[in-house]
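Thanks for taking a look at this one with me. Below are some notes to read alongside the model, in numbered points.

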Amino acid sequence: MTDTRRILTVENLKTYFKTPNGIVKAVDGISFHLDKGETLALVGESGCGKSVTAQSILGLIKVPPAKLTGSVVFKGQELVGLSDDKYRDIRGMQISMIFQEPMSAFDPLYTIGQQLMEIAKVHMPWSYQEAKQRIIDSLRLVHIPEPEKRYSEYPHEMSGGMLQRIMIAMALLPSPELIIADEPTTALDVTIQAQVLNLMQELQDSYNGSMIFITHDLGIVAEIADRVHVMYAGKIVEKASVIDLFENPLHPYTKGLLTSRVKREYKKEGKDLPYIKGHVPKASEFSTGCRFHSRCTYATETCKTTMPPEIETEKGHRVACFLFERDDLVENFANAKP
Amino acid sequence: MQVTGYVKALEKVDFSISERETIGIVGESGCGKSTLGKTLVKIHEPTAGSIIYFDPNGKSYDITNGLTKEVRSTFRKDVQMIFQNPYDSLDPRMTIRDTILEPIQTHKLFKNLKDQDRYVRELLSKVGLDPDYGKRYPHEFSGGQRQRIAIARSISVNPRLLICDEPTSALDVSVQSQIINLLKQIQREHNMAFIFISHNLDVVYHMSDRILVMYLGNIVESAPSRAIFDNPTHPYTQALMSAIPNWNPRERKLGTVKLEGEPPSPINPPTGCPFHPRCEFRMDICARAKPEPTEISSGHFCACHLRDLTIDSSRSAG
């Protein structure tokens, strides 16, 4: 029996690129799932593979030259290896995407209306008049003032925050079941960011849609996610509910990310800011072991040579780290201050 | 070409900075914080007002309308800048050594080439890079390393004032902390004054003695950094504070941020208080008259009519 609430299952997804410097394992064997109405946050720093994961799900990676293996099942349908034609029925229709840079995601030569109309023409059975009305309604829904006037204006006439809201309207136009948002607020100011996040949450609640939210900002994760997966160098290192991740982070990398917040106490105590030493290994320099070992204070010989398995410490909380194989070590680690 | 209007990037900004002090400037994009930085290093000429510079001997110069020959070299040596994007601010065709050498040679700091070379190596290790990296080119470095190179270049002539324009916003969180620690360490060792421009309130708080909050080219509030955080007074500052996520999934702040709308265009700024179209406490007077900064406690200034009202009413009550 299949679970009807399950909307997406990703199993051992690998996306490799061939470059002159060897094979880049941008995404290297990740698995996760998503239920209806859920918001999953993929968190990690630049180059960890979070955006490539999104593009792989959407079939935006050109194969070949890239190599894509594993399985992505969306509502019972396998997406890996799907033909371009079939993908077109899903992409933009049942799964849509919100990109990071609203300024560069729109074509400067076409009006907002023309660009939204394109989606309607490709995907929806509406007449021109009906489509126009629905587009204007959707602009109103994302709080664009005077949507009738904005419909025939060009992207350069809008602010970044407005364009991002229009992109949300565009993504929601075909009422997709899954939205993938790749750093949708990174280019925006904090007060505008709050407005956009608010709006996304509001709309998601009313649609009961699912969302994969990609970000490097743990502050945003705390605000919007139900579950969080932390990515590092092409792997998922920790999976947890948002509460568990913030209250009981397990992986040393997750702990490092959480301590990188600039807290007010540091200044009062005259302390330097804590940070994770070292740097992310280059994709061509990956060892066979844990990819975080060179930066990890708890690394052992095993960590250098063997990839840690994913260990479930409690229901719904999984971590890929040898520290959690033995209970005595877990105790020590849990009590240690980061 | 048709001129449709003039952008008032900076309307009215008053402040002074003394040695070893750090002034933080916060605000959203388009509020004029970068324009302020660039005006101070004389990239832009102000339309009105004045900029006074004090040389190391305490002699003052009015540098508003350009640098005279007499003061140019001292000023350029004394005031340096670090830019936001280390991918744009380093010349891709110059080696790291040549990049760092440029200001040193311009100001003729060394006669002896050997000393000069040793100094460049010293600078590189001071910013946490291998001294042998001097032979390499910018594309061989990560964003964090490039920002370190930019820092090495800017401190090479021993400036007394360093203007940092969003020095960490292009960097990953874990790298951001390293750069901030480095800047603090350099400030301690060299007794520099900093003007630290950022949209990140947490970072600005960590760096600054005083904070100026800007909105549409105006300083709407300025105070010692603790006072800004403990007692934000201008409605805009309050909104800015409320929009910072607090990293606690049990206490979500989304939905509590009251700020509606977006900053208006600086080409056609609103009359009266620049913030009044978005302000939840706006009164009739706000559209008519621009509020002047009022000192509400020692060193804490706020430009808001609400403040004048409370002061007036307490006066009339007393």
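Which residue of β8(A) is the bridge partner of A:Ile179? In β8(A), A:Ile179 has A:Met211 as its bridge partner. With that pair as a place to start, here are my points.

1. What kind of model this is. Please keep in mind that this is a predicted model. The predictor assigns the complex an ipTM of 0.78 and a pTM of 0.83. For chain B, the mean pLDDT is 85, and 92% of the residues of chain B reach 70 or more.

2. A stretch to read with care. Over residues 313–318 of chain B, pLDDT stays under 50, and the model has zero contacts beyond four places in sequence for these residues. Where pLDDT is low, the predicted coordinates should not be read in detail.

3. Strand β8 of chain A. This strand covers residues 210–215 and is mostly covered, with six of its six residues buried. A:Ser210, A:Ile212 and A:Ile214 point one way, while A:Met211, A:Phe213 and A:Thr215 point the other way, and all are buried. On the pairing, β7(A), residues 178–182, runs parallel to β8(A) and is joined to it by five bridges. Strand β3(A), residues 39–43, also runs parallel to β8(A), again with five bridges. A:Met211 turns up here too: A:Thr39 stands opposite A:Met211 in β8(A).

4. An antiparallel sheet in chain A. Four strands make an open sheet in the order β2-β1-β4-β5 (chain A), with antiparallel pairing. Its edge strands are β2 (22–35) and β5 (77–78) of chain A, each of which pairs on one side only. Two bridges link β4(A), residues 67–74, with β5(A), and A:Phe74 has A:Gln77 in β5(A) as its bridge partner. Helix α1(A), residues 50–57, packs on this sheet and touches β1 (6–19), β2 and β4 of chain A. The direction of α1(A) makes about 70 degrees with that of β2(A).

5. The eight-stranded sheet in chain B. This open sheet has the order β4-β5-β6-β1-β7-β8-β10-β9 (chain B), and its pairing is mixed. Which strands stand at its edges, and why is one side of each left without a neighbour in the sheet? They are β4 (79–82) and β9 (294–297) of chain B; each has a single partner strand, so one side has no neighbour in the sheet. From one strand to the next, the twist averages 20 degrees.

6. Inside that sheet. β1(B) and β7(B), residues 210–215, run parallel and are joined by four bridges; B:Ile23 stands opposite B:Arg210 in β7(B). Helix α1(B), residues 33–40, packs on the sheet, touching β1, β4, β5 (161–165), β6 (193–197) and β7 of chain B. The direction of α1(B) makes about 150 degrees with that of β6(B).

7. Two domains in chain B. The domain assignment gives domain 1 (22–208) and domain 2 (213–317) of chain B, and their C-alpha centres lie 31 Å apart. In the contact between them, 13 residues of domain 1 of chain B meet 12 residues of domain 2 of chain B. On the domain 1 side, β1 (22–26) and α7 (201–207) of chain B are the elements that give two or more residues. By class, that side has five nonpolar, five polar and three charged residues.

8. Where the chains meet. The contact takes 35 residues from chain A and 31 residues from chain B. On the side of chain A, the elements giving two or more residues are α8 (190–207), α9 (218–224), α10 (242–247), α11 (252–259) and α12 (264–268) of chain A. The largest share of this side, seven residues, comes from α8(A). The chain A side divides into 17 nonpolar, 11 polar and seven charged residues.

9. A closer look at α11(A). Its buried residues are A:Pro252, A:Tyr253, A:Thr254, A:Gly256 and A:Leu257. They pack against α9, β9 (227–232), β10 (235–241) and α10 of chain A, together with α6 (173–190) of chain B.

10. The C-alpha atoms of B:Ser125 and B:Ala152 are separated by 9.2 Å, although the two residues are 27 residues apart along the chain.

Definitions and conventions:
Residues are numbered from 1 along each chain as its sequence is written. Chains are lettered from A and ligands numbered from 1 in the order in which they are written. This is a predicted model: local features need pLDDT of at least 70, side-chain atom pairs count only at pLDDT 80 or more; totals for chains, interfaces and linings use all residues. Domain bounds come from an automatic or database domain assignment. Two residues are in contact if their C-beta atoms, placed from the backbone, lie within 7 Å. Ala, Val, Leu, Ile, Met, Phe, Trp, Tyr, Cys and Pro count as nonpolar, Asp, Glu, Lys and Arg as charged, and the others, Gly among them, as polar. pLDDT is the predictor's confidence in each residue, from 0 to 100. Two strands pair if DSSP finds at least two bridges between them. Axes are lines fitted to C-alpha atoms, for helices over the stretch in contact, and angles run from 0 to 180 degrees between N-to-C directions. A residue is buried if 20 or more other C-beta atoms lie within 10 Å of its own, exposed if 12 or fewer, and partly exposed in between; C-beta atoms are placed from the backbone.
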